Amino acid sequence: MVNTKVTLCGLPLDNPLIPASGTFGYGYEFAELYDINLLGTFSFKGTTGEARFGNPTPRIADCPGGMINAVGLQNPGVDAVISTELPRLAKCFHKLVMANVCGSSVEEYALVAEKLARCQQVGWLEVNISCPNVRHGGLAFGTDPDMAAQVTRAVKAVAGKKPVILKLSPNVTDITAIARACQEAGADGLSLINTLLGMRIDLKTKKPVIANTMGGFSGSAVFPVALRMVWQVYEAVDIPIIGMGGVSSARDVIEMMLAGATAVGVGAANLVEPFACKKILEELPAVMEQYGIDCLADITGKAHI
């Protein structure tokens with residue numbers, strides 16, 4: 001009998017699989033299809049201080065090996081998430097959930113994090129630093145080590161005992177510099193990668209497909225890039241990593257863990273196949289046996305040895 005249990009920032013998971021923020025809603029939508037308690041946990045939709053309608057449509061563009069989206073953090077705001085979404089989730093998901101924290105300023109990150117940290121259901125705070133800093137010309141917090149560190153320190157100051165995991169952008173020259181800055185500022189873990197930046201042009205209209213021109217590129221095509229960045233960050237820091245980006249099979253999960261991931265996020269695959277995570281979990285024990293793996297927790301970073 002293989003052992004799929006892992007520990008993420010001191011909290012136990014039955015398995016390392018975590019549906020990524022923005023691809024799993026608030027969980028109860030998928031609970032209508034299968035028992036989501038099979039998952040290790042999941043990260044719910046990115047949450048801001050106030051409600052956001054999101055970007056204008058069209059927001060989605062198809063492309064080989066993946067998709068491009070520019071939804072724009074559409075969400076009802078942190079107070080509505082706490083009063084409405086989390087109680088509804090509690091009826092179908094009986095484990096700790098990961099809260100995805102977003103903001104346009106350091107103060108907004110801290111406000112949202114402080115409120116979500118008080119929620120008993122929330123086990124981890126995943127802080128999305130791919131958001132634009134409106135006070136610095138829209139530059140994403142995650143593209144500058146100093147700004148990433150500022151957000152990390154602000155959230156840690158209000159998080160109490162909740163582990164703080166910084167979600168890193170791949171749209172940088174050196175992701176290890178951002179990772180080290182977050183660790184030095186007190187991050188308990190890192191989540192990577194967020195989406196790459198991409199676009200499509202409609203040949204008929206000769207205009208960008210997405211109203212926002214560019215969006216986040218995700219899907220199986222980005223897996224080698226994500227794997228490379230997880231490998232690099234594992235060698236640069238000493239805190240746990242949630243590896244994600246193009247994961248769509250049990251073999252991808254194992255590959256991510258060998259590269260350095262403690263847990264593994266599944267994103268775009270959920271949008272293509274709603275049962276993707278369930279199928280990966282069903283495949284995982286057989287694939288572990290095929291490759292002589294008795295305990296998943298033992299293989300994190302093993303490719304580096």
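Contact is taken here as heavy atoms within 4.5 Å. The structure is a predicted model, in which local features need pLDDT of at least 70 and side-chain atom pairs count only at pLDDT 80 or more, while totals for chains, interfaces and linings use all residues. Residues are numbered from 1 along each chain as its sequence is written, and side-chain values use heavy atoms, with hydrogens and water left out.

Leaving aside residues up to four places away in sequence, threonine 23 touches Phe30, Val266, Gly267, Ala268, Asn270 and Leu271. Threonine 23 is located in the loop between strand 3 (17-19) and helix 1 (28-31); helices (H or I, at least four residues) and strands (E, at least two) are DSSP runs numbered from the N terminus. Threonine 23 counts as buried, at 11% relative accessibility (buried: under 20% relative accessible area, with a 1.4 Å probe and protein chains only). The side chains of threonine 23 and asparagine 270 are joined by a polar contact of 3.3 Å (a pair of N or O atoms within 3.5 Å; within protein, one must be able to donate a hydrogen and the other to accept it, and residues adjacent in sequence count only if both atoms are side-chain atoms). A polar atom of the threonine 23 side chain also lies 2.7 Å from the backbone oxygen of alanine 20.

The structure holds six aromatic pairs (rings of Phe, Tyr and Trp, the last by its six-membered ring, with centres within 6.5 Å; planes under 30 degrees apart count as stacked, over 60 as edge-to-face and the rest as tilted). Tyrosine 26 and phenylalanine 44 form a tilted pair, at 5.8 Å centre to centre and 40° between the planes. Tyrosine 26 lies in the loop between strand 3 and helix 1, and phenylalanine 44 in the loop between helix 1 and strand 4 (60-63), so the pair ties together parts 18 residues apart in sequence. Tyrosine 26 is buried at 5% relative accessibility, and phenylalanine 44 is buried with a relative accessible area of 0%.

The pair of phenylalanine 42 and phenylalanine 93 is edge-to-face, because the ring centres are 5.3 Å apart and the planes stand at 65°. Phenylalanine 42 belongs to the loop between helix 1 and strand 4 and phenylalanine 93 to the loop between helix 2 (78-90) and strand 6 (97-101), so this pair ties together parts 51 residues apart in sequence. Both phenylalanine 42 and phenylalanine 93 are buried. Ring pairs link Phe24, Phe30, Phe42 and Phe93 into a cluster.

Terms used. Buried < 20%, exposed > 50% of the residue type's maximum accessible area, 1.4 Å probe, protein only.
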